[in-house]
Amino acid sequence: MRTNLLADKWKRLIFCVLFISATLSMSAQQKLQIEQVFDRFARAKNCKMVLLRHTSLRGFQLDVYKSLTYKNLAPVIEPYLKADRKQAKKIKEVIEDGRVISGYYMMTPLKEGVNRYILFGKGTKNSGTVIYIEGALTPDEIMKMCYSQR
């Protein structure tokens with residue numbers, strides 16, 4: 001009888017470990033590489049980060065708005081953008097002289113009705129801006145928000 005109890009406990013423990021591993025694996029897929037850019041450079045020299053939660057920007061409701069303006073870091077930030085580009089559901093880029101200078105990536109939604117976007121623009125001397133947005137915005141609304149007259 002005691003052996004069966006011990007075997008049942010081991011089975012439950014193994015089940016719990018497998019369940020937790022699967023859950024962590026699924027949540028890891030929700031992670032974006034660009035988050036590491038914000039974490040790494042939020043307080044770095046020549047960088048400025050803005051974080052807004054549950055706000056309105058140009059008439060659009062946003063759950064999260066993060067922007068990072070940087071100088072002299074484009075080569076360091078580029079691999080993070082390229083990694084997220086591979087996971088993007090929708091890609092819009094502006095190419096000038098064979099080089100991507102700006103664009104946005106629509107990522108897999110967090111949940112129903114919560115879309116995620118990465119926007120970026122590259123300047124001169126390895127400067128630029130990276131923006132992360134979460135909210136119910138559609139791709140058309142992102143374009144309106146970015147390109148409408150202020």
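The model is a predicted one.

**Overall composition**

- Of the 150 residues in the protein, 34% are buried.
- Among contacts between residues at least 6 apart in sequence, 46% link residues at least 24 apart.

**The sheet**

- The six strands make up an open sheet with antiparallel pairing, and their order across the sheet is β1-β2-β6-β5-β4-β3.
- Strands β1 and β3 (90–96) form the edges, each of them pairing on one side only.
- From one strand to the next, the twist averages 10 degrees.
- Helix α3 packs on this sheet, where it touches β2, β3, β4 (99–111), β5 and β6. The direction of α3 makes about 50 degrees with that of β4.

**Strand pairs and hairpins**

- Strands β3 and β4 run antiparallel and are joined by seven bridges. In this pair, valine 94 has serine 102 of β4 as its bridge partner.
- The hairpin of β3 and β4 has two residues between the strands, and aspartate 97 in this hairpin takes a positive phi near 55 degrees.
- Seven bridges also connect β4 with β5, again in an antiparallel arrangement. Here tyrosine 104 has leucine 119 of β5 as its bridge partner.
- The hairpin of β4 and β5 likewise has two residues between the strands, and glycine 113 takes a positive phi near 85 degrees there.
- Strands β5 and β6 are antiparallel and share eight bridges. Tyrosine 117 is partnered in β6 by isoleucine 133.

- Is serine 102 buried or exposed? Its relative accessibility is 17%, and serine 102 therefore counts as buried, since the cut-off for buried is under 20%.
- Leaving aside residues up to four places away in sequence, serine 102 touches Lys92, Glu93, Val94, Phe120 and Gly121.
- One of these contacts, Val94, is also the residue whose bridge partner in β4 is serine 102.

**The packing of α2 against α3**

- Helix α2 (residues 34–41) and helix α3 (residues 74–87) pack with their axes 8 Å apart, at an angle of about 155 degrees.
- Angles over 145 degrees count as roughly antiparallel, and α2 and α3 are therefore roughly antiparallel to each other.
- On the α2 side, the contact is made by Ile34, Gln36, Val37, Arg40 and Phe41. On the α3 side, it is made by Val76, Ile77, Tyr80, Leu81 and Asp84.
- By type, the residues of this contact comprise seven nonpolar, one polar and two charged.

**The buried side of α2**

- Which residues of α2 are buried? They are Ile34, Glu35, Val37, Phe38 and Phe41.

**Positive phi outside glycine**

- Histidine 54 has a phi near 50 degrees, a positive value in a residue other than glycine. This histidine 54 is placed in strand β1.
- With 66% relative accessibility, histidine 54 counts as exposed, the cut-off for exposed being over 50%.
- Asparagine 126 has a phi near 60 degrees, again a positive value in a residue other than glycine. Its place is the loop between β5 and β6.
- At 40% relative accessibility, asparagine 126 counts as partly exposed.

Terms used. Residues are numbered from 1 along each chain as its sequence is written. This is a predicted model: local features need pLDDT of at least 70, side-chain atom pairs count only at pLDDT 80 or more; totals for chains, interfaces and linings use all residues. Side-chain values use heavy atoms; hydrogens and water are left out. Axes are lines fitted to C-alpha atoms, for helices over the stretch in contact, and angles run from 0 to 180 degrees between N-to-C directions. Helices (H or I, at least four residues) and strands (E, at least two) are DSSP runs, numbered from the N terminus. Angles under 35 degrees count as roughly parallel, over 145 as roughly antiparallel, 65 to 115 as roughly perpendicular and the rest as oblique. Contact means heavy atoms within 4.5 Å. Ala, Val, Leu, Ile, Met, Phe, Trp, Tyr, Cys and Pro count as nonpolar, Asp, Glu, Lys and Arg as charged, and the others, Gly among them, as polar. Buried means under 20% relative accessible area, exposed over 50%, partly exposed in between (1.4 Å probe, protein chains only). Two strands pair if DSSP finds at least two bridges between them.
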